[in-house]
Amino acid sequence: ETLMLYPAFPNPFNPVTTFKFDIPLSTNGSQKASLIVYDVQGKVVETLLNKELIPGSHKIKWHASTYASSIYFVQLRYGEIIKTQKALYLK
């Protein structure tokens, strides 16, 4: 019924974490979902998802071995709705 972005697991992580999220049924028809990772300066680090998804639960793994240890922000967008959370990468 609502867009949900669950806490990353594991968090902190090294070097892989999983993002789980729920896509609701949309009254506006199918909409594009995007899952984007940002660094602490707000720069896009990686786009993990940018496509239309069927309603339901979804999981995406992020392999961050090529990035520096840091706090990252993960943003899920679906239509006009935005959910954001932090993930801590420790090498």
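Where is the place of Pro12? Pro12 sits in the loop between β1 (4–5) and β2.

## Before we start

What you're looking at is a predicted model, so to speak of local features pLDDT has to be at least 70, side-chain atom pairs count only at pLDDT 80 or more, and totals for chains, interfaces and linings use all residues. Residues are numbered from 1 along each chain as its sequence is written, and side-chain values use heavy atoms, with hydrogens and water left out.

## The overall picture

Let's zoom out. The protein chain has zero helices and seven strands. Both kinds of element are DSSP runs numbered from the N terminus: helices are H or I with at least four residues, strands are E with at least two. Along the sequence, the pattern reads β-β-β-β-β-β-β. The radius of gyration is 13 Å, close to the 12 Å from the globule rule for 91 residues, so the chain is as compact as a globular protein of that length. (That radius is taken over C-alpha atoms, and the rule is 2.2 Å times the number of residues to the power 0.38.) Along the principal axes, the C-alpha atoms fill a box of roughly 45 × 25 × 15 Å.

Of the 91 residues, 37% count as buried. Buried means under 20% relative accessible area, exposed means over 50%, and partly exposed is in between, using a 1.4 Å probe and protein chains only. Among contacts (heavy atoms within 4.5 Å) with a separation of 6 or more, 56% come from residues 24 or more positions apart.

## The nonpolar core

A nonpolar core is a set of buried Ala, Val, Leu, Ile, Met, Phe, Trp, Tyr and Cys residues joined through side-chain atoms within 4.5 Å. The largest one here has 22 residues, and those with the most contacts inside it include Phe19, Phe21, Leu49 and Trp62. Two or more residues each come from β2, β3 (32–38), β4 (44–52), β5 (56–63), β6 (70–78) and β7 (81–89). The biggest giver is β6, with four residues.

Take Leu49 as an example. Leaving aside neighbours within four places in sequence, Leu49 is in contact with Phe21, Ala33, Ser34, Leu35 and Ile60.

## Two cis bonds in one loop

Back to the loop we began with. The peptide bond from Asn11 to Pro12 is cis, with omega near 10 degrees. Pro15 also lies in the loop between β1 and β2, and the bond from Asn14 to Pro15 is cis too, with omega near -15 degrees.

Asp22 belongs to strand β2 (residues 16–23). Asp22 is buried but has no salt bridge, and the nearest side chain of opposite charge, Lys20, is 5.4 Å away. A salt bridge needs a side-chain nitrogen of Lys or Arg within 4 Å of a carboxyl oxygen of Asp or Glu; Lys and Arg count as positive, Asp and Glu as negative, while His and the chain ends are not counted. What Asp22 does have is a side-chain polar contact with the side chain of Tyr6, at 2.4 Å. (A polar contact is a pair of N or O atoms within 3.5 Å; within protein, one must be able to donate a hydrogen and the other to accept it, and residues adjacent in sequence count only if both atoms are side-chain atoms.)

Over in strand β7, Gln85 counts as buried because its relative accessibility is 12%. A polar atom of the Gln85 side chain lies 2.8 Å from the backbone nitrogen of Ala8.
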